[in-house]
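These are my notebook entries on one chain. I set down what I looked up, entry by entry.

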Amino acid sequence: MTKISNEKSICVNPSALPTIDQLIDLEITIQNEVESLKDEIDTARLEIEAISPKTSLGLHSRNSVIQMYEMAVAGLRRREERLAALEAALERMDNGEFGECEICHQGITWARLEVQPEALRCSHCA
Ligand SMILES: [Zn+2]
């Protein structure tokens, strides 16, 4: 973690911060992604049940079934983590805390939030 010795040395250009319109668009984008992630998670859970190592081996060797199972579980975990991060971002939008760095409390630039709306820190403190 970068140590901030002098907060005043970091001064975010106000024109780099998101506008209200950009935030409204971003909220819709996040909500859409949350919905599709929930669908993907449901599908992934069904897939994982279907390829559980306990199921009949069929054409696959036991090792490749286990490998498929582990990959599917890892994919599910990634989606669940992303879903939690995006839901937390929506919550911060409701609380008016969205886009504020948790370390230096300065605004996070739009360039960063646009690609990473779940970001909790500005690029200086990341
Ligand atoms: Zn910061």
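I began with the contacts of Leu113: leaving out residues up to four places away in sequence, Leu113 touches Pro18, Leu26, Gly99, Ile108 and Ala119 (contact: C-beta atoms, placed from the backbone, within 7 Å). I note that this is a predicted model, in which local features need pLDDT of at least 70, side-chain atom pairs count only at pLDDT 80 or more, and totals for chains, interfaces and linings use all residues. Residues are numbered from 1 along each chain as its sequence is written.

I placed Leu113 in helix H3 (helices are DSSP runs of H or I, at least four residues, numbered from the N terminus). Is Leu113 buried or exposed? I found Leu113 buried, because 21 C-beta neighbours lie inside 10 Å (buried: 20 or more other C-beta atoms within 10 Å; exposed: 12 or fewer; partly exposed: in between). I also looked up Leu23, 90 residues from Leu113 along the chain, and found their C-alpha atoms separated by 9.3 Å.

His105 is exposed, because 10 other C-beta atoms lie within 10 Å. Its phi is near 65°, a positive value in a residue other than glycine. Most residues other than glycine have a negative phi.

Last, I took up the helix pair. Helix H1 (residues 20-50) and H2 pack at an angle of about 155°, with axes 9 Å apart (axes are lines fitted to C-alpha atoms over the stretch in contact, and angles run from 0 to 180 degrees between N-to-C directions). H1 and H2 are therefore roughly antiparallel (angles over 145 degrees).

Methods:
Helix = DSSP H or I, 4+ residues; strand = E, 2+ residues; numbered from the N terminus. Contact = placed C-beta atoms within 7 Å. Parallel < 35°, antiparallel > 145°, perpendicular 65-115°, else oblique.
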